[in-house]
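Dear colleague,

Please find below the structure that I am handing over to you. I would be grateful if you would look through it alongside the notes that come after it.

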Amino acid sequence: MRLTTAILDADRALSQDRTLKGIGLFDAAPVYEPVPGFERSSPGHLPDRSPLSKRQPVMLFWRTLDDSAGEEGERNVIGKFVQKNQTGWNLQYTSDEQFCARCVTNEVQFYQSGDLSTVWNKLRVEGVTDFAISPGKTHSVAVFVPERKGQPAAIKVFNVPQFAAPVSQKTFFKGDKVELKWNALGTSLIVVTHTDVDKTNKSYYGETNMYILSANGGFDSRIQLDKEGPIHDVSWSPNSKEFGVVYGYMPAKTTIFNQRAVATHNFSLGPRNTILFSPTGRLVLVAGFGNLAGHMDIYDLENDYAKVCTIAASNPSVCEWSPDGKHVLTATTSPRLRVDNGIRIWHAGGGLMYNEDMNELYHVTWRPQSALTHPIEDPLHPVPEPHVSALAYLGTVKTPSKPAGAYRPPGARGTSTPLHFKREDEGGAAYINNGISSTSGGTNGFGKPRRRDVPGAEVAEPLPPVAAPGGGVSLAGTLDGDENLSKAALKNKKKREAKKAKDAEAKAGGLSTSAADGENVSPARSPDRRERLENSSHSRRHEGSRQRGPPVQTQSPAGPKSAGGRPQAAGPMPALGHAPSAPDLTVTSPGGGSLDDKKTRALLKKLRAIDDLKMRQAGGEKLEGTQIMKIGTEEGVRKELQALGYQD
């Protein structure tokens with residue numbers, strides 16, 4: 001069975017004002033030739049029947065013959081719609097193409113495929129923003145209603161056309177928009193929720209969660225993931241019994257779950273963000289595209305999840321399995337990348353089968369075919385012969401040299417890399433995002449470390465203050481290390497120690513209260529400053545004596561204070577060296593009291609709660625069983641209060 005590929009490309013001519021775009025149909029494995037009668041146009045040729053100017057960009061379309069078409073090929077309009085949003089405008093068809101549907105304000109409209117001008121049926125759901133029709137023989141539709149006015153978001157599944165009540169539903173918070181992914185049989189639905197803002201401040205791109213529910217309402221659950229971070233990709237297996245998820249901060253984790261959301265296998269960690277099952281369900285491709293390197297790992301699910309190969313694809317923007325499950329198509333397209341456009345076809349075993357470079361490639365895809373049309377064979381053997389273009393390309397690829405690795409200072413060369421410099425898949429610590437700035441440090445080397453570590457050096461444990469390196473006790477004590485100080489630092493240190501000793505001696509001798517009127521005046525002050533302070537204190541005392549009412553004095557352990565806040569002599573001075581006795585203070589704890597008092601307070605608290613429940617019950621509120629039982633204990637509580645001697 002041959003494989004066919006459709007290609008939309010543009011070949012630029014030498015002239016700056018001429019661009020020709022065309023569609024080509026290419027016969028892929030094992031021929032790798034254009035389909036006869038459907039060849040891509042050359043840069044200098046346009047069909048004679050083209051009504052457009054040759055100086056304008058044009059695109060040619062081929063369409064099937066229609067007996068009802070007019071003489072010039074015109075056709076009647078089947079249906080037309082007005083769509084205000086740029087997303088969600090396309091019609092969704094059932095698997096048998098009997099019905100199609102579109103989402104409008106607060107409802108999903110269904111049409112019969114033969115008549116798009118008349119609405120066949122309507123599903124009315126307040127606030128619906130997205131929907132998905134299930135594949136399979138049973139027609140089901142899942143609708144999404146986002147959060148609104150404090151109400152949770154909801155997913156509801158209806159059978160078509162029984163729209164009276166949903167057969168399955170799930171409510172949740174943190175869901176501004178969703179991705180709805182049905183399995184091939186239409187029996188289970190995966191819901192990937194996204195929020196625009198992450199309230200935990202762990203991500204700039206919002207928060208993601210994942211749920212699964214069955215179409216008949218028999219099962220629904222939130223899928224618990226054991227690695228923190230976003231959900232990169234989710235994909236169902238063609239057998240509809242398992243699915244794969246790529247999730248977590250890089251290096252991401254890839255896990256296979258069964259239809260009950262139970263993990264069955266974990267692949268090794270790596271920089272990956274895409275998972276694709278082959279049409280037969282035997283092989284699975286785990287790759288890293290976008291801003292990642294583009295490496296693709298292929299695993300054999302029937303051979304104990306063994307790794308088949310790793311393919312190094314450069315900057316692919318398109319990746320698809322062939323319908324027979326033996327080849328993988330990758331392509332670099334515009335406008336994502338304007339350079340290195342082209343297509344490559346790889347064998348599932350890892351070998352390159354075909355290569356073609358193009359100036360500009362806009363889209364490429366396999367011709368839709370059912371996997372049942374291809375015989376069930378071993379996708380890995382035998383390996384076909386590659387095309388000449390693949391051999392020519394491989395001859396120009398340089399053999400990668402051994403990577404030099406990261407720079408190491410001379411003192412760290414020849415030693416193993418510390419764990420906090422390694423990624424998680426290389427044996428390092430797991431990345432933990434706590435929502436704090438990266439400069440706060442962490443256990444896995446992200447951010448500034450808490451103390452300086454020399455890469456490759458042995459980690460030294462901190463020593464006690466009097467311990468000496470290598471064991472024993474340091475005789476120098478806390479003075480050890482003065483020989484490393486400069487002369488100026490030693491001089492300043494001696495001054496500080498002398499000042500501390502002098503202050504301690506003055507405090508012990510009671511020399512701090514040397515003023516005659518009892519004020520704390522430093523001996524270092526000049527006579528003029530002392531006189532100004534005395535006059536200021538005298539004027540404040542004089543103003544305070546003219547206030548109405550007796551003066552209020554506040555006692556403190558240091559003696560009475562003046563109106564200015566400084567200590568003031570209010571009687572004979574105590575003898576030097578004897579501190580005034582502190583007043584006796586008794587602290588009473590608010591929780592103190594005997595055991596009977598505590599028990600009484602607890603019983604009164606129960607009575608108040610019972611009275612509140614009785615009032616709620618009288619108001620018509622439906623109480624729970626435990627609350628009704630609590631009301632029945634009122635008589636026993638009152639008897640206990642009477643036994644304790646409490647009177648109302």
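This is a predicted model: local features need pLDDT of at least 70, side-chain atom pairs count only at pLDDT 80 or more; totals for chains, interfaces and linings use all residues.

The chain has 648 residues, of which 32% are buried. Its secondary structure comes to six helices and 29 strands.

The loop residue is Ser278, which sits between strand E21 (274-277) and strand E22 (283-287). Is Ser278 buried or exposed? With a relative accessible area of 0%, Ser278 counts as buried, because the cut-off for a buried residue is under 20%. Leaving aside residues up to four places away in sequence, Ser278 is in contact with Pro238, Leu283, Trp321 and Gly325.

On the surface, a patch of positive charge is formed by Lys599, Lys605, Lys606, Arg608 and Lys630. Which element contributes the largest share of this patch? Helix H4 (residues 595-618) does, with four residues. One of the patch residues, Lys606, lies in helix H4. The relative accessible area of Lys606 is 45%, so this residue is partly exposed: that value falls between the cut-offs of 20% and 50%.

Yours sincerely,
A colleague

Notes:
Residues are numbered from 1 along each chain as its sequence is written. Side-chain values use heavy atoms; hydrogens and water are left out. Helices (H or I, at least four residues) and strands (E, at least two) are DSSP runs, numbered from the N terminus. Buried means under 20% relative accessible area, exposed over 50%, partly exposed in between (1.4 Å probe, protein chains only). Contact means heavy atoms within 4.5 Å. Patches are made of residues with over 30% relative accessible area and no salt bridge: like charges are joined within 9 Å, nonpolar side chains (Val, Leu, Ile, Met, Phe, Trp, Tyr) within 5 Å. Accessible areas come from the Shrake-Rupley method with a 1.4 Å probe; for residues, only the protein chains shown count as cover. A salt bridge is a side-chain nitrogen of Lys or Arg within 4 Å of a carboxyl oxygen of Asp or Glu. Lys and Arg count as positive and Asp and Glu as negative; His and the chain ends are not counted. The place of a charge is taken as NZ of Lys, CZ of Arg, CG of Asp or CD of Glu.
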